[in-house]
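Please consult the display below while reading.

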Amino acid sequence: MENDTKSRSTPAFSCPIPIEQYPHVLLAHGGGGKLTHQLIEKLFLPIFGNPLLETRHDGAVFELGSQRLAFTTDSYVVRPLFFPGGDIGTLAINGTVNDLAMCGARPLYLSAGFIIEEGLPMDTLWRVVRSMKQAADSAGVQLVTGDTKVVDRGKGDGVFINTAGIGILQHGVTIAPTRVKPGDAVLLSGDIGRHGIAIMAMREGLEFESTIESDCAAVSGLVMALLEAGIEIHCLRDLTRGGLASALVEIAEASGLQVQIEEAAIPTLEDVRGACEILGFDPMYVANEGRFVSFVAPKDAEKALSLLHEHPLGNQACRIGTVTDDASGLVTMKSRIGASRIVDMLSGEQLPRIC
Amino acid sequence: MKFIDEYRDGRAAARFAQALKKITTKPWTIMEVCGGQTHAIVKFGVDELLPSQVTLVHGPGCPVCVTPLELIEKAIEIASTPGVIFCSFGDMLRVPGNTKDLLAVKAAGGDVRIVYSPLDALKIARENPDRQVVFFAVGFETTAPANAMAVFQASRQGIHNFSLLVSHVLVPPAMEAILSSSTNRVQGFLAAGHVCTVMGYTEYEPIAAKYRVPIVVTGFEPLDILQGVYMCVRQLEEGRAEIENQYTRAVRREGNSPAQGLIRDVFRIVPRKWRGIGEIPQSGLGLQPKYAEYDAETRFGLAATSFEEPRECISGLILQGVKKPHDCPAFGTVCTPEHPLGATMVSSEGACAAYYRYRRRDSRQQAAGGMQ
């Protein structure tokens, strides 16, 4: 048996264009995985380059007088606009609230920019805005400034929303991947994969026996409870696009340490697991909107877990692993059958299985 | 979770590993054919539980990996044609062609859509009568019945703006090609479970007899694979060369007759080129003459072309089980999932992608203190 025989061939590149040199932006550049990172590293950071941006955290933390403030922004382009467990409005509020919480800040004020497609039913806008008000009240934040634009029909997916948020750090802690230490406990606040599967099911018209609802929620209450109890938190990261795996890989790489986790310790709803098995998705890479991981000092791990369990959003909180002193910057996982493997970031989007 | 958890149970896996150690007295090389099995092995670390004398090699059972470069280029050409809606399974979109992939065509404005089933593509054709809808029909025998059904229904419903770009390949000829090669080291096979759900396993009986190799029809969960390996090694140790069925919950000897009937009605056996391997006679499926109007290559009148693969890419040798991804000097350096040189690094069922994602480098894995 031989390899491809050379016949009449066209002069061409001998290898395909690598992703980072594609002349066009791909959907995967917005996926939260490797390509998003490349875009940030190779395009945004070199141009804007400043110490605050270079922390590469969910938000920027800086001092203003004697206060430490956190500032973040996020945009919401989800389709469909309404899904089981939430809508673009709840996402827009909770997403930014959560990013502030991940800096260790108490969220205070949000802005909202709306880019609305001509022809959107006024009723839809009304529903979205009412959702936002409800979510803001739940999270204890106020929407204090905003902007509205309307674009031609066909130039926007119904509505796009950007929210920016300001919060205040009251507890003297510095929370960042560089603060992660060997021995730190890795805590997960609840089961994973709900949001991504809820969206996929609605978008693709997949029906499962029970409707899977998004986990969209503000986790600031959970974080404040931990901070107020004096838990020594080294790092926080909410799980959004790219799922649990991407969040852990980002932190491992940024901290330069090894994060070791156990597959059996990671909670997933049966329905979510089933949907993932059918589609060939790995729940570790599926999006979430109301979950976070925390890296805490080992002495505070038990206490942190019991505090989380007291809160309805944290009742499935669990410890999923430990940071070791191996300077590999990798995430390793012990599988259910006892063998070990590396957890990597995905390049591009997760694609459904073929057979 | 039923049908999942039981087959991933750690203690049962350990017991199989023990049983295997007991019966293994000689070195054996076994090939698992299916890319889905390759992934499960690497993801769950099944090979770490095997006795050191048992070597698993990965076969060419990844339809995405073996789709020839020329066909990817044809797909790109069709997808770039104005007015065409090009439908495909997700994995095909990232396979490198000569200079780009289908995702790049999409980014440049081509109407490229991911579908879960060829019948979805047919629906799109029905709903868009003024557009040409083409489905990239890739796969082994597993996906052939659904593709056949799409053509059958298109014909019955009088839908004429629909066609298939066919790249079907068959497992038994690939196994024979591997076994008849002078460099063959494979002594036993784990046959692809879902292929056999459709086709049954009668066609493997002459292969086992002719080449004196045991063939065990195997599933995809870690315990399936462990049990499949156990059954295969047991045969090898006992000097038997038979077909056995490990995947009894999904496979019967005669397979699925209505599905086979539909395949025979719509498709016929043709020679096929396998990327990285070359042409294997009688190894693929093409549309029957009576359904020729649904063949996209004919409809779009594409010329035959030929391309050279990047020289560093050894995916052909990997697909034949002669080399492992770590043997490739480009692995993890020049060739990564973001910058793939060959299809085995792109496809979710490709061996190189599996090793890169879960193992990176053997030495790095050791350094990470992974073994427990």
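How far apart do the C-alpha centres of domain 1 of chain A and domain 2 of chain A lie? They lie 23 Å apart. Domain 1 of chain A covers 60-169 and domain 2 covers 177-343, with bounds that come from an automatic or database domain assignment. This is a predicted model, in which local features need pLDDT of at least 70 and side-chain atom pairs count only at pLDDT 80 or more, while totals for chains, interfaces and linings use all residues. Residues are numbered from 1 along each chain as its sequence is written, and chains are lettered from A and ligands numbered from 1 in the order in which they are written.

Between these domains of chain A, 22 residues of domain 1 are in contact with 24 residues of domain 2; contact requires C-beta atoms, placed from the backbone, within 7 Å. On the side of domain 1 of chain A that touches domain 2, helix 3 (88-102), strand 5 (106-117) and helix 4 (122-139) each supply at least two residues. Helix 3 of chain A gives the most to that side, with nine residues. Helices (H or I, at least four residues) and strands (E, at least two) are DSSP runs, numbered from the N terminus.

Attention now turns to the largest nonpolar core. Of its 218 residues, Leu248(A), Val331(A), Phe189(B), Ala191(B) and Val229(B) touch the most other members. Such a core is a set of buried Ala, Val, Leu, Ile, Met, Phe, Trp, Tyr and Cys residues joined through C-beta atoms within 7 Å, where buried denotes 20 or more other C-beta atoms within 10 Å of a residue's own. Helix 11 of chain B (residues 222-238) provides the largest share of this core, nine residues. Domain 1 and domain 2 of chain A both give residues to this core, so it lies between them.

Definitions and conventions:
Contact = placed C-beta atoms within 7 Å. Buried ≥ 20, exposed ≤ 12 C-beta atoms within 10 Å, placed from the backbone.
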